Structure formats: structure tokens, C-alpha cells
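Here is a short briefing on a structure. Keep the view open as you read.

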Amino acid sequence: MIEESSFLDFIAGILDVPRETISLDTAYESIPEWDSVMQLRLTLEIGTEYNVEIPVDEIADIKTLGGFYKYIQG
Amino acid sequence: MKLKVHHIGYAVLSIEAARTEFEALGWEVCSDVTDDLSRKVRIQFMRMGDEVVELVAPLTEDSPIRKNLQQGSGMPYHICYEVDSLEEAETALKAQKFIVFKKPQAAPAIGGRRVEWLYARNNGIIELVEKAK
């Protein structure tokens, strides 16, 4: 199981924000770094890092970092 | 897989205002204005020699293209490539770390031809359009 803290460390690096400023509750467009293009990059990077494929029809429905996290819980 | 640039997509504030600016640069209108209801955008194509731009303006208040206009300026935001087969191109590009974010669907502004949208880290957003069959 991937630890939440490890996942958020990884995400903070992609978003280029301090780790303490994000949580699984951080929402899409609630921070300037997470816009529509970043949504695609997060999908790509998470898929590559954790070897998961997020279904194309579900990408736009992911509204929090927790929404991404659930895809790597196996 | 063989790709050919089909057009460059420009997010614009309005078709009419953008058309005037592009005409000042020498671009000529080469299509009617089409309302794409599924994408919530208005589209018009312009040509300069062999090059084509697609002007894409918001059709509704919640149009997704508004996210590309947040700083109040028009800007290019995708390159569209023509391919023989969307399925073959998708397979080849996914092997190169592209992801699909919009499945194939008919594009009313391109004669109903099928288009598909992908993303990669350095390319950003690209569109594929399938050759007419």
C-alpha cells in the first residue's frame, strides 16, 4: 500500500509547492498550480510512477488529490 | 505511423475579433463558423498558403476553452495532426508516454471526421484527426 505521505511528497514535487500546503482534500483549481493542463500532467505522472492507467472518461471527474490517490490503492 | 500537421488551434476571445486580427496578418477565411455543442465552442478555420489555423472561441459561459483565456489573451494551445487511423496512432503514441484524455468523437467543424485528444509532458495538448474515408 502506498502511504498517503509518500504520495503527497510526490505530488508536491510535481506541483512545485511546499509539501505542507497540500493534503488529500486539496481541490482542483483551489491552488493556482493545479489548472486544467496540470490535471493532465498529474494523470500522466501518477500513471507512470505507480503503473496505473486512469480511465480516460474519469480524468475530468477527479476533483481532489484524494481522487487521484484512490487509483493507486490497488 | 505517418503524421501531417493539419492545423494549429488558437484559443480566442471571439471569432469575429480574432478573424479581423488574423486577416490583418494575411490569413484568409476558409470555412464557415461552426458551433460545436459538445465542446461548447465556436470554430472557424483560416488559411495562409498551406498553413491552417483553427480559431476556437467560447460558446457558453462554462466553455472549457475559457481556461485557455484566463489572462485575457488569445493564444495557440494545440497542434492537430492528421493520421490514417486514430487507433494505430493512439497505440504508437501511448507507447511514447502520451495519454488520451478525450476519446475519439466526430468533429462537426471538420466535416464530422473523428478526432481524439492526447497529452504529453513536452508536447502539451495535441489533437489527432483521422483522414476522411
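A pocket, on a 1 Å grid over the protein atoms alone, is an open set of points with protein on both sides within 12 Å along at least five of seven lines; its lining residues have an atom within 4 Å of a point. This is a predicted model, where local features need pLDDT of at least 70 and side-chain atom pairs count only at pLDDT 80 or more, while totals for chains, interfaces and linings use all residues. Residues are numbered from 1 along each chain as its sequence is written, and chains are lettered from A in the order in which they are written.

**The largest pocket**
- The largest pocket is lined by 26 residues. Nearest its centre lie A:Ser36, A:Ala60, B:Pro64, B:Phe101 and B:Lys102.
- Strand 7 of chain B gives the most to this lining, with 4 residues. Strands are DSSP runs of E, at least two residues, and helices are runs of H or I, at least four, numbered from the N terminus.

**A salt-bridge network**
- A salt bridge puts a side-chain nitrogen of Lys or Arg within 4 Å of a carboxyl oxygen of Asp or Glu.
- A:Arg41 forms a salt bridge with A:Glu45, with the closest N and O atoms 3.1 Å apart. The two are 4 residues apart in helix 2 of chain A, so about one helical turn separates them.
- A:Glu45 also meets B:Arg121 in a salt bridge (3.3 Å, N to O). A:Glu45 lies in helix 2 of chain A and B:Arg121 in a loop of chain B, so this pair joins two chains.
- Shared partners join A:Arg41, A:Glu45 and B:Arg121 into one network.

Key:
Heavy atoms only, no water. 1 Å grid on protein atoms, 1.4 Å probe; cavity = no way out; pocket = protein on both sides within 12 Å on 5 of 7 lines; lining within 4 Å.
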